Structures are given as C-alpha cells and as structure tokens.
Amino acid sequence: MRFHFALTLQALWTSVCQAAMQHYPAAWGHYDVCKSQIFSDEGLTWDYMACQPEAADMTQYLKVTLDPPNITCGDPPETYCALENPYMCNNECDATTEELAHPPELMFDIEGRNPTTFWQSTSWKKYPKALLVNITLSWNKTIELTDDIVLTFESGRPEQMVLEKSLDYGRTWQPYQFYATDCLDAFTMEPKTVQDLTQHTLLDIICTEDYSRGYVWKYDKTVRFEIKDRFALFAGPRLHNMASLYGQLDTTKNLRDFFTITDLRIRLLRPATGATMVDENNLSRYFYAISDIKVQGRCKCNLHANSCVYDKEKLSCECEHNTTGPDCGRCKKNYQGRAWSAGSYLPIPKGTANICIPNNIGPVIRPNVSSLGVANRKEVAPQVALSTAPSVHVANSKRARVCDNELLRCQNGGVCVNNVRCSCPSDYSGLLCEKPRCESELGGCGGPNSGQAPLTPPSTPRLLLLLLLLGSALRRDASYWPAVL
C-alpha cells in the first residue's frame with residue numbers, strides 16, 4: 001500500500017509539472033540516432049531518422065602545411081626582441097633544442113602549460129619585403145563548422161590577415177573574412193563587424209578591424225571568425241530557436257555550404273608593429289607566433305550517419321540508411337531503387353532519413369511515422385534571399401511561388417492563398433507563418449533575448465482537478481504518511 005501511495009503521488013506530481021510546462025518548447029534534438037525499432041501494423045519495424053555525428057575538436061584530425069616551408073624560426077638559431085620593449089631581447093629560437101624550438105604542431109597541443117607553447121615564424125629581416133606566411137589546415141574530408149574559429153597569437157595580432165576556405169580539398173579558395181587595422185587601406189573595403197550582418201547579408205565577405213588594433217600581449221591575443229553570431233541571425237541570440245536555423249540550412253544550399261569546408265588557410269600578410277613606422281634598426285621585434293588554433297565541427301555525413309571514424313590518418317563517416325562513401329554521398333550496391341538524397345532536418349525533431357531502398361522495391365515506400373504522429377514528410381522552411389558576395393554565388397534567391405500546400409506548406413495553421421502568400425493566424429508571422437509574432441515584439445517571447453515562446457501556465461480548471469486528485473490520494477493513505485516521510 002505504501003508503494004501504491006508513493007507511485008500515485010509521483011504520477012500526480014508529474015502530471016502537475018507537465019501541465020505547468022506544456023506550452024514551453026522542448027529542447028531540439030541533436031539528431032544523434034539514425035534508427036530505432038517501433039511496433040506497427042506490420043510488427044516490429046525500423047523507424048529511420050536523420051542523424052549526424054557529435055561536434056568535436058577537429059584540430060586533432062588535421063594536417064598542417066606552411067608556405068614557405070622554411071618560415072618556421074630556429075634554422076639558423078635566432079634571438080628575438082619583445083614587441084613592446086625593443087631592449088628586451090632574450091627570446092631565443094633554436095630548432096635543434098627541444099626547449100627552444102617552436103614547430104607548427106605546437107599550435108594544436110594542450111593549452112595551459114607554463115611556459116606557453118607556440119609556433120613562431122622567422123623575423124621580418126627582409127623588410128621592406130612583406131613577411132608573408134600561409135598556414136593551411138587540411139582534413140581530407142568535408143566537415144561542417146559548429147563553433148567560432150579562434151586563433152590565439154603570442155606575438156601581437158597581425159595587422160593584416162585573411163582567413164580563407166576551400167570546399168574542394170585545396171584546389172580553389174575563397175575568402176571567409178579579412179582582418180586589418182585599416183580595412184580601406186589594406187583591402188579597399190569598408191570596415192564592418194558581424195553585428196552589421198543580417199539574414200539577407202550573412203554570406204557577405206567582410207573586413208573587420210575588431211581583431212587587429214592594439215598589441216598588448218595580455219589582453220588582445222585572439223582573432224575570431226564568428227560562426228555562432230551568424231547562427232544567431234536565424235536561431236536567436238541564445239541559439240534557442242534551432243528549428244529556424246535547421247530549416248534554413250535544409251532549404252538554402254549556399255547557406256549550408258558557407259559553414260562547410262575541407263580546408264582552411266590563414267594568410268598572414270603583415271605582423272604586429274605597434275606603431276605607424278617600422279623600426280628598421282630592430283627588425284627582430286616583428287614576427288608571427290600562434291599558441292593555439294580552435295576549430296569545432298563535425299564530419300559532414302549528409303544526415304546519414306551519427307559517427308565518424310579516424311583510421312589510417314583519414315576521417316570517414318560510418319554510414320547508415322543503406323548509404324556509402326566518405327560523406328555517405330551515394331547508395332550502396334543493390335540499394336539504388338531510387339536516386340540518392342541527403343537527409344533532411346525537417347520535420348523537427350526527427351527529420352527525414354531519405355533512406356536508399358533495394359532495387360526490387362521501386363520508388364515508393366511506406367512513409368515513416370514521426371513522434372508527432374504525422375507522416376514523416378519533408379517540410380520546407382522559407383528560403384531567405386541571400387545577397388551575392390564577391391566570391392560566393394548565392395542560389396535559391398528566386399522563388400516561383402511562396403506556398404503550394406504540397407512541398408511549400410503554410411505552417412502553424414496558415415492557409416495558402418493563390419500560391420502567392422500564406423494567411424497566418426494572429427499568433428504567427430513570416431513568409432510561411434513560421435515565426436511566433438512575439439519574436440518581433442519588445443522583450444521577445446518570454447523575456448529579453450530569450451528566443452523562446454512564453455511560458456504559459458496550465459488552465460485553472462485542469463490545475464484544480466489535479467490538486468483535488470492529489471488531495472484525495474493523500475487522505476486515502478494518511479495512515480501511511482509518517483512511513484513515507
């Protein structure tokens with residue numbers, strides 16, 4: 001009886017909590033499961049879902065290349081002076097002595113050591129010829145960035161630098177961002193920050209002065225390429241509305257490609273000088289030194305794998321859904337009953353697997369059933385018309401129609417009017433009624449910068465009923481109360 005009372009109390013309390021939280025949006029899944037077994041009319045079957053590997057520190061899987069190859073200090077040994085104090089010349093670099101060597105792999109070792117370990121270039125001894133260094137990071141695999149790229153400099157941040165990306169294993173390159181103390185002078189570009197970008201200009205290549213001015217070693221060491229700030233243009237300031245971001249990544253190919261790379265290249269064009277004039281009598285003050293590079297991301301597996309293995313110095317997806325290839329980019333042999341397709345993030349939270357099917361089944365298969373109880377159809381989020389940047393060709397900027405009740409359905413109860421627009425309920429706005437109207441109101445949905453819908457309390461009659469049931473259970477088992485306590 002005591003056990004029965006405890007179960008009753010737990011169940012009623014759970015019901016009260018669920019009632020209080022029923023209108024609070026659930027946390028979006030991370031797509032970490034590719035399939036699960038479910039019972040259906042046909043017995044035990046597989047329910048397939050879109051899936052992707054967890055994000056990880058991708059620097060442990062890369063190959064680093066420097067150009068020119070002999071740009072690392074120490075051969076021959078060299079003595080360096082401090083940038084802020086030209087008379088403090090007690091830093092020695094010697095490639096033959098482990099304690100004094102600064103090889104490239106020290107950009108990726110464990111941080112927190114004392115003294116700090118770092119890679120260092122030769123000094124600017126050939127001034128006025130530019131001190132140019134290319135640092136190329138190669139994965140031999142397509143990866144998707146999930147967090148800011150962060151470079152930590154030990155010698156003062158460079159006065160001019162370019163971060164570039166490649167999507168074809170280093171055959172071609174395009175800029176990610178320019179960095180300079182004076183963008184107009186260095187690159188004939190107006191200075192901007194990531195805060196100047198909008199949903200429509202997210203792909204614009206900008207020059208920023210935020211990470212180049214100043215050379216105080218203790219406080220101004222890092223240079224960033226802001227991935228999360230760009231995510232926030234769709235997902236909200238705290239990245240709470242990931243559904244919006246996933247929808248855009250799903251339907252706007254160039255947006256997803258923007259965060260996808262096979263290689264990164266750091267082009268160092270001018271070292272920190274700390275002044276308008278270079279001290280030609282003490283060129284050993286000027287060099288590059290990097291103590292850490294952070295690149296967070298995941299293997300691109302086209303939503304057909306939830307793990308990625310590193311074997312024989314190569315990353316590859318462990319493909320599910322009858323797919324194969326380094327990126328799960330094609331159907332397995334004998335599973336080509338329909339054309340290969342990448343998985344889809346939509347509908348939230350399970351997505352659409354788009355599995356490859358056996359050759360003898362044909363193009364039509366029974367649709368899976370999502371956890372929401374509806375056919376697991378591919379929903380399409382509204383596409384944002386993105387501006388065409390100098391080196392980024394933007395597709396999907398023109399649409400033949402806004403809605404058609406087939407692939408481009410109005411969401412949240414909206415009604416498609418003449419294939420031209422969605423007529424939205426009063427609580428929603430946006431091209432396909434995908435945005436809660438409160439997002440555009442002062443304070444947002446549920447508080448400043450929350451990115452969440454407001455927490456709505458349960459209705460009074462329902463809450464009273466639950467409390468009455470709880471009180472009845474307490475009275476019925478009152479004699480056992482001391483034992484339970």
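Student: How many salt bridges does a search of the whole structure find?

Tutor: The model is a predicted one. A search of the whole structure gives 12 salt bridges. One of them joins D147 to K228, with the closest N and O atoms 3.8 Å apart.

Student: Which parts of the chain does the pair D147 and K228 tie together?

Tutor: D147 belongs to the loop between β8 and β9 (149–153), whereas K228 belongs to helix α3 (residues 227–235); the pair therefore ties together parts that are 81 residues apart in sequence.

Student: Is D147 buried, partly exposed or exposed?

Tutor: The class follows from relative accessible area: buried is under 20%, exposed is over 50%, and partly exposed lies in between. D147 has 24% relative accessibility, so it counts as partly exposed. K228, at 36%, also counts as partly exposed.

Student: What is the closest N and O distance in the salt bridge of E154 with K221?

Tutor: For E154 and K221, the closest N and O atoms are 3.3 Å apart. E154 lies in the loop between β9 and β10 (160–166), and K221 in the loop between β12 (207–208) and β13, so this pair ties together parts that are 67 residues apart in sequence. With a relative accessible area of 13%, E154 is buried, whereas K221, at 24%, counts as partly exposed.

Student: Which residue meets the side chain of E164 in a salt bridge?

Tutor: The partner is R267, at 3.2 Å from N to O. The two residues are 103 residues apart, E164 being in strand β10 and R267 in strand β14 (residues 260–270), and the pair links distant parts of the chain. E164 is buried, with a relative accessible area of 8%; R267 is partly exposed at 26% relative accessibility. Salt bridges with shared partners also join E164, R265 and R267 into one network.

Student: Let us turn to strands. In which sense do β10 and β11 run?

Tutor: In general, strands of a sheet pair through backbone hydrogen bonds, either parallel or antiparallel. Here β10 and β11 run antiparallel and are joined by 6 bridges. Within this pairing, L163 has Q177 in β11 as its bridge partner. By contrast, β11 and β12 pair in the parallel sense, over 2 bridges, and the bridge partner of Y179 in β12 is T208.

Student: What is the order of the open sheet of 4 strands?

Tutor: The order is β7-β15-β9-β13, with antiparallel pairing. An edge strand pairs on one side only, and the edge strands here are β7 (119–120) and β13 (222–225). β7 pairs with β15 (residues 289–294) over 2 bridges, and W119 stands opposite I290 in β15.

Student: How many residues has the largest nonpolar core, and which have the most contacts inside it?

Tutor: That core has 73 residues, and those with the most contacts inside it are W119, I135, W139, L264, L268 and I293. Strand β8 (residues 133–145) gives the most to this core, with 6 residues. Leaving aside residues up to four places away in sequence, W139 touches several others, including M58, Y61, L62, L264 and L315. A second, separate core has 6 residues, among them Y80, C93, F118 and A289.

Technical notes. Residues are numbered from 1 along each chain as its sequence is written. This is a predicted model: local features need pLDDT of at least 70, side-chain atom pairs count only at pLDDT 80 or more; totals for chains, interfaces and linings use all residues. Side-chain values use heavy atoms; hydrogens and water are left out. Two strands pair if DSSP finds at least two bridges between them. A nonpolar core is a set of buried Ala, Val, Leu, Ile, Met, Phe, Trp, Tyr and Cys residues joined through side-chain atoms within 4.5 Å. Buried means under 20% relative accessible area, exposed over 50%, partly exposed in between (1.4 Å probe, protein chains only). Contact means heavy atoms within 4.5 Å. A salt bridge is a side-chain nitrogen of Lys or Arg within 4 Å of a carboxyl oxygen of Asp or Glu.
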